[in-house]
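My notes follow the display.

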Amino acid sequence: MTLTQKIHGLYKGTVEKITKHRTVSAFKEKGVLSVDEFVLAGDNLVSKCPTWSWESGDPGKRVDYLPADKQFLITRNVPCLRRASAVEEEYEAAGGEYLLDDEDEWVATHGNPKEMKKSEEEDLPSIETLEISKSQSIQTIPSYFGGEQEEDIPDMSEDPDLASLPSQYFIAHEPNDDDILHTRTYDISISYDKYFQTPRVWLTGYDESRMPLQPELVLEDVSQDHAHQTVTIEDHPHLQGKHASIHPCKHARVMKKIIEVILSSGAEPEVDRYLFLFLKFVASVIPTIEYDYTMDFDVGSSSW
């Protein structure tokens with residue numbers, strides 16, 4: 001943790017101690033949640049998705065403005081099959097990933113528009129080259145690999161060496177270490193941040209042997225646009241030790257914009273579904289951690 005983060009943490013902790021928690025709803029106007037709304041949204045998440053549950057946490061860290069048995073939400077043993085950095089390298093090779101702008105840094109798309117347009121113009125084949133005769137058959141495929149037509153394919157019944165092989169004949173090879181899939185797992189928890197008045201996500205990682213990951217290694221599974229920036233290593237509010245956390249400083253602004261989209265479509269956003277939308281945009285930060293946010297719905301749908 002940097003000196004700036006330590007100073008901010010002390011300031012934030014002091015403000016939280018001397019101020020009351022939010023009791024008035026403002027999720028439509030500001031994208032924030034009151035304590036009661038956080039509990040309501042958490043109850044709905046647990047009800048719709050049994051992989052999530054409420055936890056009471058460390059008794060010494062409980063806050064009195066939340067129910068003792070509903071201090072934070074958690075889902076355990078979430079698979080993470082690949083490192084986020086590896087996925088981003090593939091994205092870059094396929095055209096790259098960029099952020100739309102500094103204000104909307106949560107929202108990303110693939111490929112620079114100018115580069116993509118230029119690439120498409122260069123790579124799009126002429127329609128004439130795509131014409132295929134109706135009489136053309138799959139037998140012509142070997143010619144693309146430097147071979148002849150199908151008469152050069154040997155017949156096992158005519159070749160004594162091939163015909164003498166057992167009907168089930170396999171050669172086993174030891175896999176290379178690089179070919180072995182090393183699966184990490186994560187416990188993902190969501191706490192209520194009294195200062196920012198929004199949910200906050202925490203990550204606890206484990207290697208393939210179920211040994212805890214150092215928090216710094218967790219950053220390998222975070223989008224590199226957010227590692228060490230919107231994702232920091234801090235003390236968990238309800239558990240012991242350091243954990244990686246998605247900093248909530250921009251959560252309210254992003255949620256407000258999502259809610260505005262829903263309102264503009266003529267739908268009425270419901271606060272009990274807040275966490276489903278919240279987890280959707282968090283997925284852009286941890287793209288390879290396959291947690292279940294259960295509800296696949298169109299943000300602009302009038303049936304939201």
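I started with Asp 187, which counts as buried at 8% relative accessibility. For my own use: buried means under 20% relative accessible area, exposed means over 50%, and partly exposed is in between, with a 1.4 Å probe and protein chains only. Next I looked for a partner, and Asp 187 forms a salt bridge with Arg 210, with the closest N and O atoms 3.8 Å apart. A salt bridge here is a side-chain nitrogen of Lys or Arg within 4 Å of a carboxyl oxygen of Asp or Glu. Asp 187 sits in strand S5 (residues 184-193) and Arg 210 in the loop between strand S6 (198-206) and helix H7 (215-218), so I noted a link between distant parts of the chain, 23 residues apart. Arg 210 is partly exposed, with a relative accessible area of 36%. I also found a network: salt bridges that share partners join Arg 83, Arg 184, Glu 220 and Asp 221.

**Entry: ground rules**

I wrote down that this is a predicted model, where local features need pLDDT of at least 70, side-chain atom pairs count only at pLDDT 80 or more, and totals for chains, interfaces and linings use all residues. Residues are numbered from 1 along each chain as its sequence is written, and side-chain values use heavy atoms, with hydrogens and water left out.

pLDDT is the predictor's confidence in each residue, from 0 to 100. The protein chain averages 74, and 59% of the residues score at least 70. Which elements have the lowest and the highest mean pLDDT? Strand S4 (residues 108-110) is lowest at 41, and strand S1 (residues 52-55) is highest at 97. I marked residues 97-151, where pLDDT stays under 50 and the model has 50 contacts beyond four places in sequence. Contact means heavy atoms within 4.5 Å.

**Entry: the overall count**

I counted up the secondary structure as nine helices and eight strands. Helices (H or I, at least four residues) and strands (E, at least two) are DSSP runs, numbered from the N terminus. Of the 304 residues of the protein chain, 36% count as buried. Among contacts between residues at least 6 apart in sequence, 62% join residues at least 24 apart.

How many salt bridges does the structure hold? I got 12. One of them joins the side chains of Lys 70 and Asp 43 (2.9 Å, N to O). Lys 70 lies in the loop between S1 and strand S2 (72-80) and Asp 43 in helix H3 (residues 35-48), so the pair ties together parts that are 27 residues apart in sequence. Asp 43 counts as partly exposed at 30% relative accessibility. In another salt bridge, the side chains of Glu 55 and Arg 76 meet at 3.3 Å, N to O. That pair links strand S1 (Glu 55) to strand S2 (Arg 76), 21 residues apart. Glu 55 is partly exposed at 22%, and Arg 76 is partly exposed at 42%.

**Entry: strands side by side**

Two strands pair if DSSP finds at least two bridges between them. I followed Ile 74 across: it is the bridge partner in S2 of Ser 53, and its own partner in S5 is Ser 189.

**Entry: the core and H9**

A nonpolar core is a set of buried Ala, Val, Leu, Ile, Met, Phe, Trp, Tyr and Cys residues joined through side-chain atoms within 4.5 Å. The largest one has 49 residues, and Ile 188, Ile 190, Leu 203 and Phe 278 have the most contacts inside it. The largest share of this core, eight residues, comes from H9. Why is H9 largely enclosed by the rest of the structure? Eight of the nine residues of helix H9 (residues 274-282) are buried, so that is the reason.

I picked Tyr 274 from this helix and found it buried, with a relative accessible area of 2%. Not counting residues up to four places away in sequence, Tyr 274 touches several residues, including Phe 27, Ala 41 and Met 255. Tyr 274 and Phe 27 are 247 residues apart in sequence and 8.8 Å apart in space, C-alpha to C-alpha.
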